[in-house]
Amino acid sequence: MDKRESMWDVYLRKGMSRRSFVKGCVALTSLMGLSTDKLEKVVEAAEKKPLPVVIWIHGHECTGCDESFIRSGSPYASDVILSQVALEYDHLLSAASGEPFEAHLEETIQKYKGQYILAVEGAACTKDNGVYCMSGGHPFTHTLQRAAENAAAVIAYGTCAVSGGIQAANPNPTGSSGITNFTGKTPVVNVPGCPPIPEVMTGVIMHVALFGTVPPLDGEGRPKQFYGNRIHDTCYRRPFFDAGMFAESYDDEGSKAGWCLYKLGCRGPETYNSCGNMRWFQGMSYPIQSGAPCIGCSNAHFWDEGKMSERLPKFGQPIGDVDKIGAAIAGVTAVGVAAHGAASVIQKKKRDAAKEEENGEQVNK
Amino acid sequence: MKEEKRKVYYLFSPFLRIFHWIMVLSIVTLFITGLLITKPVTVMGIEPTYTSMSMDWVRNIHFIAAFTFCAAFILRIYGYIRYPGDRLFPRVWKGHFYRDTIDVALHYMLLKPGHDPYLRNPLARTSYVGLYVMVLIEILTGFAMYYMTEPNNIGGMLFGWVNVVLGGEMVTHWVHHIVAWLIIVFAIGHVYMVLRADLMEAEGEASSMFSGVKFLEHVPLDAPEINEEGPKSKKKD
């Protein structure tokens with residue numbers, strides 16, 4: 001095996017200054033959610049660790065995650081791909097194609113067994129042996145299984161790879177699911193989102209690359225530093241929520257004034273992501289800031305959790321939502337018990353009268 | 001005026017009675033504030049700073065009521081351990097329980113003129129278990145939503161699994177909301193049954209939750225249950 005370059009080697013080869021290298025490391029440190037006293041460790045790792053080999057494969061999806069990834073601003077996606085990781089195989093970004101390209105995948109798997117990072121976008125399609133998602137002449141699940149069993153770690157990018165995404169939405173005709181059924185014992189980092197925030201994508205891959213371990217994960221396998229906060233609790237419109245100032249429709253005064261979008265179905269109160277604090281595209285904006293309620297795109301089954309513009313699901317006219325059904329049932333119950341009460345009283349009176357008559361007859365005899 | 005011989009049965013300890021009324025108050029509070037949290041009233045303010053922070057208040061009242069309710073279970077559990085009259089849950093392991101339930105149910109379907117005397121009839125016992133199950137669901141789903149502001153803290157670890165089991169936190173919201181309605185439906189039925197029993201049998205069904213005692217003419221079938229540990233139940237002859 002030839003000697004593999006480290007990040008510092010790449011900077012030297014390209015004639016870039018030590019200053020820009022350290023600046024890059026500072027950016028990476030803060031991006032990975034580490035405190036600044038970890039900078040030394042990051043610099044050390046960037047100097048010594050050979051660039052991690054990355055294989056990036058795509059399953060059932062729209063490649064929107066890649067669209068997001070290439071818009072990463074710190075670090076630039078180009079920096080990540082060209083000087084911070086060794087991207088050996090990528091369905092979307094590679095220039096090569098055809099059989100030599102597929103052969104290169106096999107070669108890479110053999111050469112870097114147990115060392116490379118596998119990044120997966122898209123759901124695993126399982127119905128009918130996975131024929132609804134073929135790549136390189138094989139079902140995607142085959143490629144996924146093959147690549148995952150020899151990987152050091154798997155990164156599941158996007159809600160599709162984590163839990164099936166839109167393919168797995170009802171009625172799920174292709175039997176799509178998240179990739180974890182096919183990754184065996186290899187550790188998996190879940191990076192949900194539709195798509196995930198670009199800086200989150202680069203941050204996670206750089207963490208695995210520089211430290212050789214998966215970042216600290218929460219109960220659902222998501223990196224805590226990016227998925228530890230609720231959108232609702234980090235939202236800049238939260239004061240409007242607390243004050244009870246809500247937009248009632250997309251074009252009313254409240255909406256224009258930037259009030260809380262809770263009543264328009266915002267899923268912020270049950271969504272965990274960094275949109276509220278990191279925002280998108282170098283802090284430019286995020287859905288709520290641009291006036292659209294959060295749709296909870298990093299939640300496992302967000303497609304199937306009712307209308308995205310309503311908090312409570314409605315069951316069509318004239319039934320309405322749970323509150324209407326509940327009030328109707330409560331009303332019917334109240335009428336029911338009243339009727340039951342009346343019937344009970346009438347029945348009792350009749351029986352008492354019958355008894356008295358009987359008693360009376362007995363007395364008369 | 002009618003003179004009649006009745007026996008006084010001391011059933012409910014003060015702990016259960018106080019718990020019961022805390023439960024009533026907190027359920028009413030929780031239900032009203034809960035509806036307001038789902039469908040908040042829009043305040044037409046100018047700046048959040050100058051409004052009365054209505055949503056914040058509604059949520060705080062909801063949370064205070066919830067914690068009070070949970071804390072009140074200490075009374076309920078203490079009463080349960082100490083007093084046999086607080087232990088009138090369904091005796092599902094006994095064969096006669098099912099026969100008795102059917103018998104009582106037939107009476108309430110107006111098919112039988114009366115049912116055997118009970119301190120607490122098996123149908124009522126079953127319904128209270130149902131209520132406690134619903135309350136448990138509300139507590140679990142409630143804390144699952146409440147503590148996830150910080151998923152890494154101990155509350156998040158204790159209750160976070162509820163969201164995973166239900167398949168998403170949005171579903172937790174819905175379950176919490178639907179079960180709240182079911183509890184209200186239960187309450188309507190409960191109040192009716194108590195009032196009906198009091199009106200038709202005049203055994204002190206309604207007042208027993210204040211005084212702790214019921215007055216029965218005939219010896220109830222479940223009388224031995226409150227005499228299991230004799231001295232604590234004051235049975236007056």
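Student: What share of the 365 residues in chain A is made up of buried residues?

Tutor: Bear in mind that we're looking at a predicted model. Buried residues account for 42% of the 365 residues in chain A. To get that label, a residue needs 20 or more other C-beta atoms within 10 Å of its own.

Student: Why is A:Asp128 called exposed?

Tutor: The cut-off for exposed is 12 or fewer neighbours. A:Asp128 has 10 C-beta neighbours inside 10 Å, so it counts as exposed. You'll find A:Asp128 in the loop between β4 (124-125) and β5 (134-135) of chain A.

Student: And what makes A:Phe281 partly exposed?

Tutor: Partly exposed sits between the two cut-offs, 12 or fewer for exposed and 20 or more for buried. A:Phe281 has 14 other C-beta atoms within 10 Å, so it is partly exposed. Its place is the loop between α13 (253-257) and α14 of chain A. A:Lys324 also has 14 other C-beta atoms within 10 Å, so that residue is partly exposed too, and A:Lys324 lies in helix α14 (residues 322-364).

Student: What is there to notice about phi in A:Asp128 and A:Phe281?

Tutor: Most residues other than glycine have a negative phi. For A:Asp128, phi is near 50°, a positive value in a residue other than glycine. Phi of A:Phe281 is near 50° as well, again positive.

Student: Which residues does a cis peptide bond join, with omega about 0°?

Tutor: That bond joins A:Asn170 and A:Pro171, and A:Pro171 lies in the loop between α8 (158-163) and β8 (176-177). Another cis bond joins A:Cys194 and A:Pro195, with omega about -5°. Most peptide bonds are trans.

Student: How do you know that chain A is more spread out than a compact globule?

Tutor: Chain A has 14 helices and nine strands. The globule rule gives 21 Å for 365 residues, but the radius of gyration of chain A is 30 Å, well over that, so chain A is more spread out than a compact globule. Its C-alpha atoms fill a box of roughly 120 × 50 × 35 Å along the principal axes.

Student: How many residues of chain B are in contact with chain A?

Tutor: 37 residues of chain B are in contact with 41 residues of chain A. On the chain B side, α6(B) gives the most, with 14 residues. That side divides into 21 nonpolar, 13 polar and three charged residues.

Definitions and conventions. Residues numbered from 1 in each chain as written. Chains lettered and ligands numbered in written order. Predicted model: local features only at pLDDT ≥ 70, side-chain atom pairs only at ≥ 80, totals over all residues. Contact = placed C-beta atoms within 7 Å. Helix = DSSP H or I, 4+ residues; strand = E, 2+ residues; numbered from the N terminus. Nonpolar A, V, L, I, M, F, W, Y, C, P; charged D, E, K, R; others polar. Rg over C-alpha atoms; globule rule 2.2 N^0.38 Å.
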